[in-house]
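Reader: I would like to go through this model term by term. For each label, please set the value against its definition.

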Amino acid sequence: MRKALFAAALFATAAMTAMPVAAEMNFGNARPNPVKPFVETPVATFNFPWAIAFLPDGHMLITEKPGKIFLVSQTGQKQEVSGVPAVQYEGQGGLLDVAISPHYAADHQVYISYSEPGEGGSSLAVARATLKGTALEGLKVIWRQMPKGDGGQFGGIITFDPAGRHILFASGERMRKTPAQDPDQALGKIIRLNLDGSVPTDNPMYAEGGVKAQTWTTGHRNPYGLAYDAKGTLWEVEMGPKGGDELNIITPGKNYGWPTVSNGINYDGSPIPPHDTRPEFEKPVVYWTPVIAPAGLAFYYKSLFPQWKGSAFIGGLKAMSLVRVAFDGPNGAREADRWDMGHRIRDVAVGPDGAVWVIEDEDAGRLIKLTPKKK
Ligand SMILES: [Ca+2]
């Protein structure tokens, strides 16, 4: 039924316009590619690692969800970083993303996101601090979602615009659904701030103040990937409910539909109208039913794997896979490869030399370096 509706909509759209069709595409039935063009070299293990961020010198900062950060060499030497704030480690909450300031060489600033404990529950918080050696100094919370409460799905992914002037991050809907459509609740939103946490005057709803002023886009469920491509387009991956994981192009001021529309259904089996029924909402470029449970989004522009230049990588938690997305064809993006990794993949990052790095979502989750297989 859904397939027939989709085909009809695709035909109708194509017939009405000569423009490239941006109808969403489903890659939920993609099968793993049995040919792995890479060698997997595990270099260290972590307790539920969540995010990888590369420093300019090739070291990594790696967060562990229970609340630690490590400075890690490419050969796997780990040094614990001090000055990490208290986190509420529970379910999907804990220490989440880490991101390096776009001006790191000059300012040594590091941004983190985490589930902050407090009165009434927890909330997503974003903080920045100066990294000196292995110490975070002068940590300051630049944003927090309020009021605190219950629920997983924090989002928490941090990125910066190509000019290095703004921080953008995802605040998930905490499994509460309708707040994603409430413009006064910082849930189910992508937030855009200046690097110091102040609100940019050119945000779409700046004049309206409060959460609206901070909001870049709305109607998200649980975004777990946010990254700019080399052309300056911002892409996002988010987890759908039962089905309907999404890869979206993020355009300021737009509404991405959750929970009013989705290409998935509710966990209890009840239907949700698909994106096609409500043209006022942005639809995904790619969706996955069954889900991959996307985690992490990293573009690839290095030369070590020349065949992947311009691709992006997504980790698959449920799919236990690494997914490659290619940005070609009339639709704008497609799943190009899926490799079975045998473990839940929590994040993916590209090193300065072009190696691809992944971490596993486990209590002894491995950090694995992927390098080209010799022919
Ligand atoms: Ca959507």
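Author: Start with a pair: the bridge partner of phenylalanine 54 is methionine 60, in E4. The model is predicted, so local features need pLDDT of at least 70 and side-chain atom pairs count only at pLDDT 80 or more, while totals for chains, interfaces and linings use all residues. Residues are numbered from 1 along each chain as its sequence is written, and side-chain values use heavy atoms, with hydrogens and water left out.

Reader: Which strand pairs with E4 besides that, and over how many bridges?

Author: Strand E5 (residues 68-72) pairs with E4 over 5 bridges, in the antiparallel sense. Threonine 63 has isoleucine 69 in E5 as its bridge partner. This hairpin has 3 residues between the strands, and glycine 67 takes a positive phi near 135 degrees.

Reader: Why is strand E4 called mostly covered?

Author: Buried means under 20% relative accessible area, exposed over 50%, and partly exposed in between (1.4 Å probe, protein chains only). Of the 5 residues of E4 (60-64), 5 are buried. Met60, Ile62 and Glu64 point one way, Leu61 and Thr63 the other way, and all are buried.

Reader: Which residues have the most contacts inside the largest nonpolar core, and what makes a set of residues a nonpolar core?

Author: Such a core is a set of buried Ala, Val, Leu, Ile, Met, Phe, Trp, Tyr and Cys residues joined through side-chain atoms within 4.5 Å. The largest one has 53 residues, and Leu61, Val110, Trp143 and Ile167 have the most contacts inside it. Strand E9 (residues 121-132) contributes the largest share, 6 residues.

Reader: How do you know whether isoleucine 191 is buried or exposed, and what does isoleucine 191 touch?

Author: Isoleucine 191 is in strand E13 (residues 189-194). Its relative accessible area is 0%, so isoleucine 191 counts as buried. Contact means heavy atoms within 4.5 Å. Neighbours within four places in sequence aside, the contacts of isoleucine 191 include Trp143, Ile167 and Trp216.

Reader: What makes glutamate 246 and histidine 275 a link between parts of the chain?

Author: Glutamate 246 lies in strand E17 (residues 245-250) and histidine 275 in the loop between E17 and strand E18 (286-288), so the pair ties together parts 29 residues apart in sequence. Glutamate 246, at 4% relative accessible area, is buried, and histidine 275, at 1%, is buried too.

Reader: Where does E17 sit in its sheet?

Author: The open sheet has 5 strands in the order E1-E18-E17-E16-E15, with mixed pairing. Strand E16 (residues 234-239) is joined to E17 by 5 bridges and runs antiparallel to it. Strands E1 (25-26) and E15 (222-228) are called edge strands, as each pairs on one side only.

Conventions. Helices (H or I, at least four residues) and strands (E, at least two) are DSSP runs, numbered from the N terminus. Two strands pair if DSSP finds at least two bridges between them.
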